[in-house]
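This report is meant for a reader who is meeting the structure for the first time. Please keep the sequence and the model in view while reading.

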Amino acid sequence: MASTLLSRQLTYMLQQNLKFSLPRSRYASQAADKRDGDAEFDGPLMKTEVPGPRSRELMKKLNEFQNVDAVNFFCDYGESLGNYLVDVDGNRMLDLYMQISSIPIGYNHPALIKLLQNPNNLSTFINRPALGCLPPENYVQKLSDSLLSIAPKGLKQVQTMACGSCSNENAFKAACIWYQNKERGDALHTKEELESCMVNQAPGSPDITILSFMGGFHGRTFGCLSATHSKAVHKLDIPAYDWPAAPFPKLKYPLEQFVRENGREEARCLEEVEDLIVKFRKRGRNVAAIIVEPIQSEGGDNHASDDFFRKLRSIAKKHGSAFLCDEVQTGGGATGKFWAHEHWGLDDPADIVTFSKKLLSGGYFYKDEMRPDIPYRIFNTWLGDPSKNLMFSEVLNVIRTENLLDNVVQCGKSLLKGLKDLQVLYPHFLSCARGKGTFCSINAPSEAKRNQLVLKMRNKGVVLGGCGEKSIRFRPSLVFKQQHVNIFLNIFNDILSDHK
């Protein structure tokens with residue numbers, strides 16, 4: 001209803017050449033206390049600029065023994081609730097960034113609080129076992145009920161990890177082990193392989209590669225950095241593997257106006273992928289795996305068509321390379337499907353799908369043939385955390401009982417439409433609105449203007465994130481509702497109108 005009203009008002013005002021004003025939701029500019037019924041606030045409440053005096057004081061103290069240049073402000077997580085993040089100065093902000101897309105059902109969700117208050121769960125939180133050697137009795141059932149219940153199509157194996165970087169790092173290892181075993185056939189590891197790997201030499205340390213894409217981000221550990229190409233600050237001064245990096249499509253918007261041009265761009269990039277695979281093979285450096293994000297997040301929320309990804313998967317299969325789908329940021333429901341790659345309609349699923357963030361821990365799903373051939377090849381002390389898996393089980397229960405994926409689809413349509421409407425009104429400030437579900441973004445004219453908008457929004461009570469050169473990204477929780485869309489659009493319009 002609100003979306004329809006917005007559309008009608010937009011049409012009328014554009015026709016009449018009148019000053020645009022978004023319809024205000026009831027609580028868009030007034031604050032209220034916590035409500036018992038739905039554990040939520042009614043709107044932002046700002047008391048100081050952000051960071052405020054208390055945050056600045058804490059930043060100064062922390063800076064004595066740690067670099068704080070990346071710290072935005074200090075938070076009061078005890079007072080934060082639902083879609084609202086409260087800082088230590090009492091500022092209450094509508095959070096559309098959610099800890100870099102990692103909070104699935106908002107702050108202090110009652111279901112998770114109840115879970116932690118259950119004395120039967122104390123052991124899981126107190127005792128963190130070395131899962132690779134000494135898992136708890138209920139771990140098999142817990143994994144079956146949680147992670148395996150949402151496993152991507154065709155992937156029946158799962159390996160838990162602690163974070164996104166180590167998930168991708170170990171997925172690379174799994175792909176390389178699989179590839180070498182495939183090349184080796186039924187033969188055992190030779191004495192030469194066992195000895196040469198100890199001094200980082202072939203054949204035990206083979207010169208195989210991972211193909212990634214410019215603009216991609218897969219983590220900050222050594223192997224992942226060799227496949228990361230989003231910002232120089234991530235990679236500067238760090239040694240890297242000489243691995244192939246293909247161009248990722250740079251689509252033109254609006255998509256419906258540039259079908260032919262975008263098709264040619266995707267075909268160009270796919271051709272370059274094959275050329276790189278052949279080029280490296282001629283140098284004796286085969287591509288063991290191709291890794292790609294369904295939406296390049298850190299690199300600027302860069303999209304490609306479903307057809308591009310289907311053809312990319314076919315290229316991987318044609319050349320005998322594993323196909324790795326990095327769903328660390330896109331997984332967990334934000335695109336309207338639990339896994340973003342489900343939108344592609346693959347006949348042959350990915351070989352490995354990595355995850356973290358909204359799934360609260362990390363890890364990867366993989367095909368049976370990717371299973372390690374001997375123990376300790378994919379291993380570390382903790383291999384994840386049973387307490388995080390316990391919490392994720394409850395998150396899944398909330399997602400299912402509250403139909404949150406349907407909520408994401410509906411709110412995503414409203415959010416994206418609002419962004420497209422605003423870019424019509426403010427073409428000098430906004431362009432290229434895009435997204436799936438609530439996993440949306442829009443471009444500012446420059447990095448400086450983007451940063452300025454994000455800071456102004458924060459001081460008006462809305463937390464947003466930036467990515468790429470000039471994009472603003474939206475990563476709300478799965479409990480982000482229509483009233484939150486309205487509040488955001490109202491405040492964003494107010495900020496933009498000051499610059500018109």
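A polar contact is a pair of N or O atoms within 3.5 Å; within protein, one of them must be able to donate a hydrogen and the other to accept it, and residues adjacent in sequence count only if both atoms are side-chain atoms. The model is predicted, so local features need pLDDT of at least 70 and side-chain atom pairs count only at pLDDT 80 or more, while totals for chains, interfaces and linings use all residues. Residues are numbered from 1 along each chain as its sequence is written, and side-chain values use heavy atoms, with hydrogens and water left out.

Helices (H or I, at least four residues) and strands (E, at least two) are DSSP runs numbered from the N terminus. Arginine 285 lies in the loop that runs between helix 11 (259-282) and strand 6 (287-292), and with 9% relative accessibility it counts as buried, a word that stands for under 20% relative accessible area, with over 50% called exposed and partly exposed in between (1.4 Å probe, protein chains only). The side chain of arginine 285 takes part in the pairs tabulated here.

| Side chain | Partner | Distance |
|---|---|---|
| arginine 285 | side chain of aspartate 207 | 2.9 Å |

With neighbours within four places in sequence left aside, arginine 285 is in contact (heavy atoms within 4.5 Å) with Asp207, Thr209, Asp242, Trp243 and Phe280. Glutamate 265 is found in helix 11 and, at 15% relative accessibility, counts as buried; with the neighbours within four places again left aside, glutamate 265 is in contact with Phe248, Pro249 and Lys250.

Seven strands form an open sheet of mixed pairing, in the order 3-9-8-7-6-4-5, where two strands pair if DSSP finds at least two bridges between them. Strand 3 (157-161) and strand 5 (245-246) stand at the edges with a single partner strand each, so one side of each is left without a neighbour in the sheet. Strand 8 (residues 352-355) and strand 9 (residues 362-366) pair in the antiparallel sense over four bridges, and valine 353 has phenylalanine 365 of strand 9 as its bridge partner.

Helix 11 lies across strand 4, strand 5 and strand 6, running at about 160 degrees to strand 4; axes are lines fitted to C-alpha atoms, for helices over the stretch in contact, and angles run from 0 to 180 degrees between N-to-C directions.
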